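Hi there,

Here is the structure I promised to pass on to you. Please open it alongside this email, and my notes will follow just below.

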Number of protein chains: 2
Amino acid sequence: MSGSSTIDVPSEADALLLSRRPGVEPEAADFELASVSVPAPRDGEVTVRNVLTSVDPYMLPRMQGRSSYASPFPLGEPVAADSIGEVVASAHLGVPVGSWLVSHSGWRTYATVAGSPADVIDRRIGDPVAWLSVLGMTGITAWFGLHDIGRVRPGETVLVNAAAGAVGSVVVQLAVHAGARVVAVAGSASKLRHIRELGADEAVDYNAPAFDEALARACDSGVDVFFDNVGGRQLASALPLMRPHGRVVLCGRMSGLGADADPGLVDIGPAVPNRLSLQGFIVVDHLDRWPGIRSELAGLLAQGELRPVISITDGLDRAPDALAGLYRRGTNHIGKSLVRIAED
Amino acid sequence: MSGSSTIDVPSEADALLLSRRPGVEPEAADFELASVSVPAPRDGEVTVRNVLTSVDPYMLPRMQGRSSYASPFPLGEPVAADSIGEVVASAHLGVPVGSWLVSHSGWRTYATVAGSPADVIDRRIGDPVAWLSVLGMTGITAWFGLHDIGRVRPGETVLVNAAAGAVGSVVVQLAVHAGARVVAVAGSASKLRHIRELGADEAVDYNAPAFDEALARACDSGVDVFFDNVGGRQLASALPLMRPHGRVVLCGRMSGLGADADPGLVDIGPAVPNRLSLQGFIVVDHLDRWPGIRSELAGLLAQGELRPVISITDGLDRAPDALAGLYRRGTNHIGKSLVRIAED
């Protein structure tokens, strides 16, 4: 083991394995807490003690084996997810023991992974947790969708739904910073309060009885950029409000996931006369844009123009609960949902 | 009247006025044949003897007063439409008597209009009728949609519906010329035969009992560019067949017009994982592209790579019938629908 050094490293770790494919929603019995081995790092590898891990909407379809763009999660293996932690053993000169690392090692307490200096967290920029939220896939998705796809300009109106969610809460802040008027949709009073605090000009309750009317009032001069995290009925409600040449950023489709699955049928008739564009995207297709976008986001973070919005669930064993919470209406998770595996 | 010369010019013309707003479909009683005056051309104007005029799908919503992007047609006025004819009086040095002109003078036998040398038909390129079909808005819409919006590349699969129609019959030919595999959808045996003659690799009958299955079979390797002239159920059937990064060119929505109006609800769920783009457009927004596209089309026409596909109805008084035919299923109009007002 050339060039390695270690602090206290166990040879086994706790991990949550996917033991069967979930039905409509993930439940505890779909997972199994087990011991997995933590091999000593070989040349170029490091062992990381995971502190926080991520739950993301895209995980359920991969667990169910019905994701159309990413391979299914294998059964009997620890669930893969972005995690951050401290390097406790290293066989990579560029990733020393004591550094903090983002890895895709997932729902487990320790893991040995390929080391990459690009994944070492620069703690001068802020709390490492930012690497799982505004500086991670979440924040980069928000930026890429709003700017690269949505081409937002100052003075335009941006509509964003699931606005208290992981991506939505970043979109609200970025759109405010871009000089847009921001109309944000969420599903509870506490979420509405929260998105107003983030700077949204209008906050509309999706569960209010006259949602369509309230949305139309909030968007009375029309919508230029609609950042859609939901699809289905919410897309159907927003499409008639789009201004000519409006851009619909198809970022996610929470409406098609979980027990509340929405048939999601939409009349896209207004798209022709209004010259709308509707564009789906997957941010991992655009890895070339990540460094540039991350440095923009880090700049905003340093200036206090952007803040991580995070909900943390304590305990690796509660990761399935945290995941299920993403698909359940009426939960009060705000922002990016993370699971704490260990104390810093 | 400086610089003018005349041949036989009447002071009155026959015209079809819009006398009331049509219901679901236009009918004869919505129009009135009347005499309108033909003033002598003033400086810069010319008088044209119309030979052919155009009926287009966008006209019905304008007659009904419910077009969202163009002003309603005024009641009591001759219906505006592209027409071609011969200049019979001129007060414009660049548009001499005897030249052929495209104008927007519409459903009338004679009209005095502003002269524009850009609208003079170059008869060396081919039959003047091409200026109302492949070299006019119809052909330019097909090119702009397929190339500028659809970004078709050789070897890709192009799906086009209403493929025996005005725009569709040009799209089929242009897609074949671009090196694409072409799957074309139409609604009768004679139309299917016709689009095969234009070079389509597969022709699928929209009225066949198992349309979805037949379409999926014809598109078994997926669709890269879907040129949608119909919307509604046909869009719903095609969306699941799109390949990753596919482009949906939202050109028209015949399904929303006429008595056969289709609720047009679509599940656009596949757009996110497949990174689809759906783009509506109106070709008159892109007048800067017209000269370049028209010269590409004229080149193809000269090389015999493109032929005008036209159905002509004889007699100005039958223009309402020709218009109604656009919205009626089961008619056998092929290609661009024109009305002959006078013999050449």
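In which sense do S5(B) and strand S6 (residues 100-103) of chain B pair, and over how many bridges? They pair in the antiparallel sense, over four bridges. Here strands are DSSP runs of E of at least two residues and helices are DSSP runs of H or I of at least four, both numbered from the N terminus, and two strands pair if DSSP finds at least two bridges between them.

Before going further, a word on conventions. This is a predicted model, in which local features need pLDDT of at least 70 and side-chain atom pairs count only at pLDDT 80 or more, while totals for chains, interfaces and linings use all residues. Residues are numbered from 1 along each chain as its sequence is written, and chains are lettered from A and ligands numbered from 1 in the order in which they are written.

Back to strand S5 (residues 83-90) of chain B. Within its pairing with S6(B), B:Ile84 has B:Val102 as its bridge partner. S5(B) is also joined by seven bridges to strand S4 (residues 45-54) of chain B, and these two run antiparallel. In that pairing, B:Ser83 of S5(B) stands opposite B:Thr53. Seven of the eight residues of S5(B) are buried, so the strand is largely enclosed by the rest of the structure. A residue is buried if 20 or more other C-beta atoms lie within 10 Å of its own, exposed if 12 or fewer, and partly exposed in between, with C-beta atoms placed from the backbone.

Next, a helix in chain A. Helix H3 (residues 166-177) has 12 residues and reaches 18 Å from its first C-alpha to its last, close to the expected 16 Å (1.5 Å times one less than its number of residues). Of the 12 residues of H3(A), 10 are buried, including A:Val170, A:Val171 and A:Val172. Their cover includes helix H2 (137-149), strand S9 (181-186) and helix H4 (189-197) of chain A. Just after H3(A), A:Gly179 takes a positive phi of about 85°.

How do the two chains meet? Chain A and chain B each give 26 residues to the contact. On the side of chain A, strand S13 (265-267) and strand S14 (277-280) each give two or more residues, and S14(A) has the largest share, with four. Three bridges join S14(A) to strand S14 (residues 277-280) of chain B, and the two run antiparallel.

A rotation of 180° with 0.1 Å of shift along its axis superposes chain A on chain B, with an RMSD of 0.1 Å (least squares on the C-alpha atoms of residues with pLDDT of at least 70 in both). That is the relation of a two-fold axis. The same surface serves both copies, as 100% of the contact residues of chain A recur in chain B.

Finally, B:Arg275 has a positive phi of about 50° although it is not a glycine. B:Arg275 sits in the loop between strand S13 (265-267) and S14 of chain B, and is partly exposed, with 19 other C-beta atoms within 10 Å.

Enjoy exploring!

Methods
Two residues are in contact if their C-beta atoms, placed from the backbone, lie within 7 Å.
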